[in-house]
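Let's take a friendly walk through the inside of this protein, with the structure open beside the text. We will look at aromatic rings, then at nonpolar cores, and finish with a pair of helices.

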Amino acid sequence: MKKKALLASAVALVTASAMTFAPVSYKVIDKASAATADVEKAANKLAKIYAVLNSEDNTALAAAYDALLAEVEADAAQLVDLNGTKLEAGLGVAKASAVQLALVDLVKAVAVEYNTDNAQFSDLSDAVEGKLDALKLAFGDIAEGVTRDDLAKLLESIQTAALAEIAEFEYTAGLDYSDLVYSSVLAAVEAEWNKADNNEIVAVLKEVYGAANFADFESDVEAAKESFKQYVEAEGNASVYKKGAAALAISYANYHLSEVQQPLLPNYTGSSIVLNPDLFGVSALPLSALAWETSDNATIAVNDEGDLVLSVLNYGATTVTAKLKANPKLPQEFVGTVLFSQTVNVSPIGGGITGPIFSGNLELVADYEAKAKAIAGAVDAFLAENPELYNNTLTFELKRLIEKYVREALLVQAAGAVTVQNGVSTLGVSPASMENIYNTQLKTVQDAVTAALEAKGIKLDINTVMTYNIGISSNALVSVSKELKDSLASKGIDTVGVKTGDAAVEIALDQLESSSTVSIKKSESKVAGAKSDLYSIAVKDADGKALTAFEKQYRVTLPVNGNGSNVTVAHVTGGSQTLVGGQYDPATKTITFYTNQLGDFVVVENNASFNDTADIAWAKDQIQELANKGLLLGKGNGKFDPNGDVTRAEFTAMLVRAFNLNASADITFSDVSENAWYYDAVSAARAYGIINGRSASTFDPNAKISREEMASIAANALKAVLGYQPAAKEDEILDQFVDGDKVVAVHRANVALVKNEGIIQGKGKDNYDPKGDATRAEASVILAKILDRR
């Protein structure tokens, strides 16, 4: 939700009063830019400050600020009370009453006008201009020349004066900063008053008070301020204003420490460093008043002397974060709010190293040459059994076979290059250390693949994976620097892997940031029915920020304890688990799965049981297999309902769950509500280009899905996720069905594709029945066959 903002003078005043709660957040605007008359520059700065306030991480700040805004709007009439003022005397009671009503409406409008979408006072809305016109009418002829440009210019002048004053604050305990800002704002108005060429709004005030009587105007403003202060205290609303002001001040502080003056130096040397953060120049601020955190490669603490000490475990990028700590004057809901977070680089004394870099020669597995030579024989044997690669299934089966040999051959034995500190096994690799692999070993494997395919006249896009095996570790971390990433890519490597024990991850290079760390951490699983330890897979970017997911799926292999009967993988988030499936390999006692998400994973045993599938001999095994993996759900009470209908939403959800797709796209279908149980599945399928609507604006989620629609969606999934290509002879394939001509034009290519892959078949006597309603059993068989092709 966009947070509304006060008019500039009120913003400055409440910000200053926030010092009651946040003594570290007073000096937040650099003097040079605060004093500028450039409205756009000031507006852009405030937009960034409001972005901090509006961020999802600062819900407590936003709530406090919203409460303040609501209070300002409710109290607008008290802000503008002309009874007994010299302005009332100058206008007359009747006219003053009309002016007061119009002024209250204008204050309310301006108080909510300035927000992050409209961050320029020179662009006030028509609604505000309408309120201004009403005020002009109440004043009469003397206000005829006033325009909204006059209002914009006056507000900008007040803002500049207020922010300039804030920039000059010197922290003193007990000082009332709101009085300082008030004085500077009043001085700005007086300066406008004394100009020869007045702002038209100021000209109206001079007409009413008399050009020489600024003191009378000042007296009215002073009386109004004191009256409003007494009103707020009497109403018991002071804490609302103070909390809202503190929220804005903290946002100002975060902005200043991120955008204007970062508190730490960019580079440090040594393993134990005393940091001297520049927090607005407040040298007397006790650093123990803040809660300090750092990234995993270092620790941080305030020692007995009050110094902030950073102790480095591994050299390289380290993120230092300061959060607000509980104290009697800070609202409890603000405790833990980030004041600043900055990434610095730490090197040994003498420099030249980023992280524990290994610069000696690395080696591939000892039998890499034998594995490379075996590729040609494997290709020959496959083609002898399958002389024609007439569909994607066979082509991709050959592709996966070659990639298996490449994966095994391009396994870098890196255990000897690992640095172990505080239980973390860390590997940093320089491109120079890869030269032996690049020049001889990698070339041997790549040449073997090329020769095997060229000998058969076949072109395949082989995904080349290079995996760093760092040995057995419960906490493994591999640094993939920008230099290493670029170096691998230049040598034809598509994917980088990390292996520790029998656990491994493989991530496409184009999914990693310029520099990243990939870690696999093993811990004892507390999940009931676990068949493995809990594995935490994490990736951080160059700034130390943890990623939550990738756009493309990555490959994960985990070891399985005991037998692999009915095992699947669970993604553990908090106290909940989501089963994501996986393919068990009895030879290695491992399970492999694909996912977009990072986080915690564990292998579990899952035994599904249905009492109504025994008579569906052609589908019961597939139903049972998918259900055991958690990819297929029953109807409850032991029922699967194999002959039941399937809706378009249900099949979409089945497919998204089977492929473990995690993505989102804007949904433009008018009949798919954000509250619908299938919304996330439809959004994910839409993101992958798997589904279309029944019209441009409707998806028809609750309609029964036809057999041709189901086949078409399945084909889209094969193309989007696995990279399948359309079938070459669409009409010839569909002519194998006696009713193949009944397949609607929009689905013909896709139905032909899945038919050619052996995924669909007829219903007897070579009939396909494209318009027939699909059953849950039929949907299950299609899903099982699709997953078999991964």
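## Aromatic rings

Rings of Phe, Tyr and Trp, with the six-membered ring used for Trp, count as a pair if their centres lie within 6.5 Å. In this predicted model, Trp193, Tyr209, Phe214 and Phe217 come together as one aromatic cluster. Searching the whole structure turns up 13 aromatic pairs.

One of these joins phenylalanine 396 and tyrosine 724: the ring centres are 4.9 Å apart and the planes meet at 40 degrees, so the pair is tilted. It is a link between distant parts of the chain, as 328 residues separate the two partners. Phenylalanine 396 belongs to helix α15 (residues 392-409), whereas tyrosine 724 sits in the loop between α21 and α22 (730-734).

## A pair of sequence neighbours

Tryptophan 677 and tyrosine 678 also pair up, with ring centres 5.3 Å apart. Their planes stand at 85 degrees, so this pair is edge-to-face. Tryptophan 677 is exposed, with a relative accessible area of 57%, because the cut-off for exposed is over 50%. Tyrosine 678, on the other hand, is buried at 7%.

## The nonpolar cores

Now for the cores. The largest nonpolar core has 69 residues, and the members touching the most others are Ile402, Met434, Met466, Tyr468 and Leu488. Which helix gives the most to this core? Helix α16 (residues 435-455) does, with 8 residues.

Leaving aside residues up to four places away in sequence, methionine 434 touches Leu362, Val429, Met466, Tyr468, Leu484 and Leu488. Another core lies apart from the largest one; this other core has 66 residues, including Phe669, Ala717, Leu734 and Ala777.

## Two crossing helices

Finally, take a look at helix α21 (residues 707-722) and helix α23 (residues 745-756), whose axes come within 8 Å and cross at roughly 75 degrees. That angle makes α21 roughly perpendicular to α23.

Which residues make the contact? From α21 come Glu708, Glu709, Ala711, Ser712, Ala714, Ala715, Asn716, Leu718 and Lys719. From α23 come His747, Asn750, Val751, Leu753 and Val754. Sorted by class, the contact of α21 with α23 holds 7 nonpolar, 4 polar and 3 charged residues.

Methods
Residues numbered from 1 in each chain as written. Predicted model: local features only at pLDDT ≥ 70, side-chain atom pairs only at ≥ 80, totals over all residues. Heavy atoms only, no water. Core = buried A, V, L, I, M, F, W, Y, C linked by side-chain atoms within 4.5 Å. Buried < 20%, exposed > 50% of the residue type's maximum accessible area, 1.4 Å probe, protein only. Helix = DSSP H or I, 4+ residues; strand = E, 2+ residues; numbered from the N terminus. Contact = heavy atoms within 4.5 Å. Axes fitted to C-alpha atoms, helices over the stretch in contact; angles between N-to-C directions. Parallel < 35°, antiparallel > 145°, perpendicular 65-115°, else oblique. Nonpolar A, V, L, I, M, F, W, Y, C, P; charged D, E, K, R; others polar. Phe/Tyr/Trp six-rings, centres within 6.5 Å; stacked < 30°, edge-to-face > 60°.
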